Each structure stands twice: as C-alpha cells, then as structure tokens.
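Work through the exercises below with the coordinates open. Try each task before reading its solution.

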Amino acid sequence: PRQPAKTLWYDRPRYVYLEFCVEDSRDVKVTIEDHRLVFSCKNADGVEFYNEINLYARVNSKDSREKRSDRSITCFMRKWKEKVAWPRITKENIKPAWLSVDFDNWRDWEGDEEVERAMVEQYAEV
C-alpha cells in the first residue's frame, strides 16, 4: 500500500522548494516535468510513498534538482517566470492533508536573491 509523504513547500523569487519528509529513504525517484512533479520512495520499514503534484505554474524542468538527506528529499524547481509569487504549489485550489507551507523557510523576498543563490549553489555542490 502506498501513501503520500508529508510534504513542505516554500516560494522564492527564482525557485519553488518542496521537501518530502521521509527518513532513511531508499529507491528515490523524482520526475520533474514542466507542469508536474512525481515523487516516490520507500523508507527503512519498506513503506512506499508516492506524491504526484500538478504544479501551480510552469517550471524549467532542465534547471531543477533534488537532494536527498537522511531525513528528507528536497526538490528545487526553477520557475519559468521569475519573481512571480506562487500563492500555492498545486494547480488546483485544494490543499491535500499531506501538504503544508514551510513557515520556517517562508519569508519576504526583499533582498533575498543572494540568499537564494547561495542555497542553490550549496545544493548543487552535493
């Protein structure tokens, strides 16, 4: 039986970030398309996780990445239209129970581009 992974998201001027909260993930598969993201993996107990998100707006799938850690898998997707705020991550105006805003990382965009660039470069190094 598959279940959705708890997912946090936040918005930045150039990128949209999604964090799938699965500890000790295995068999991680992330497919980022221009209008859709599909995520799947298993945890240490063999539980299968699967999330499919029709995205609010178009992303540049060729300039989008994911990074796995012990506690989660973070995806950062390059927005097609930079500096346009996303009011939500999903195309449909519904909020699945497994999806939440990451308020720890959500902040005003004023002067935030340097911080964002540093974050992306840090992810890219791994």
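The exercises cover the fold, the core and the salt bridges of this predicted model.

**Exercise 1.** State the order of helix and strands along the sequence.

Solution. Start with the tally: one helix and nine strands. Then read along the sequence. The pattern is β-β-β-β-β-β-β-β-β-α. Now check the contacts between residues at least 6 apart in sequence: 60% of them join residues at least 24 apart.

**Exercise 2.** Find which residues touch the most other members of the largest nonpolar core.

Solution. This core holds 22 residues. Leu18, Phe20, Leu37, Phe39, Met77 and Ile89 touch the most other members. Next, locate the suppliers. β3, β4, β5, β6 and β8 each give at least two residues to this core. Finally, inspect Met77. Beyond four places in sequence, its contacts include Leu18, Leu37 and Ile89.

**Exercise 3.** Decide whether aspartate 63 is buried or exposed, and trace its salt-bridge network.

Solution. Aspartate 63 has a relative accessible area of 19%. Buried means under 20%, so aspartate 63 is buried. Arginine 78 pairs with aspartate 63 at 2.8 Å between the closest N and O atoms. Shared partners then join Arg14, Asp63, Arg65, Arg78 and Glu82 into one network.

Conventions: Residues are numbered from 1 along each chain as its sequence is written. This is a predicted model: local features need pLDDT of at least 70, side-chain atom pairs count only at pLDDT 80 or more; totals for chains, interfaces and linings use all residues. Side-chain values use heavy atoms; hydrogens and water are left out. A nonpolar core is a set of buried Ala, Val, Leu, Ile, Met, Phe, Trp, Tyr and Cys residues joined through side-chain atoms within 4.5 Å. Buried means under 20% relative accessible area, exposed over 50%, partly exposed in between (1.4 Å probe, protein chains only). Helices (H or I, at least four residues) and strands (E, at least two) are DSSP runs, numbered from the N terminus. Contact means heavy atoms within 4.5 Å. A salt bridge is a side-chain nitrogen of Lys or Arg within 4 Å of a carboxyl oxygen of Asp or Glu.
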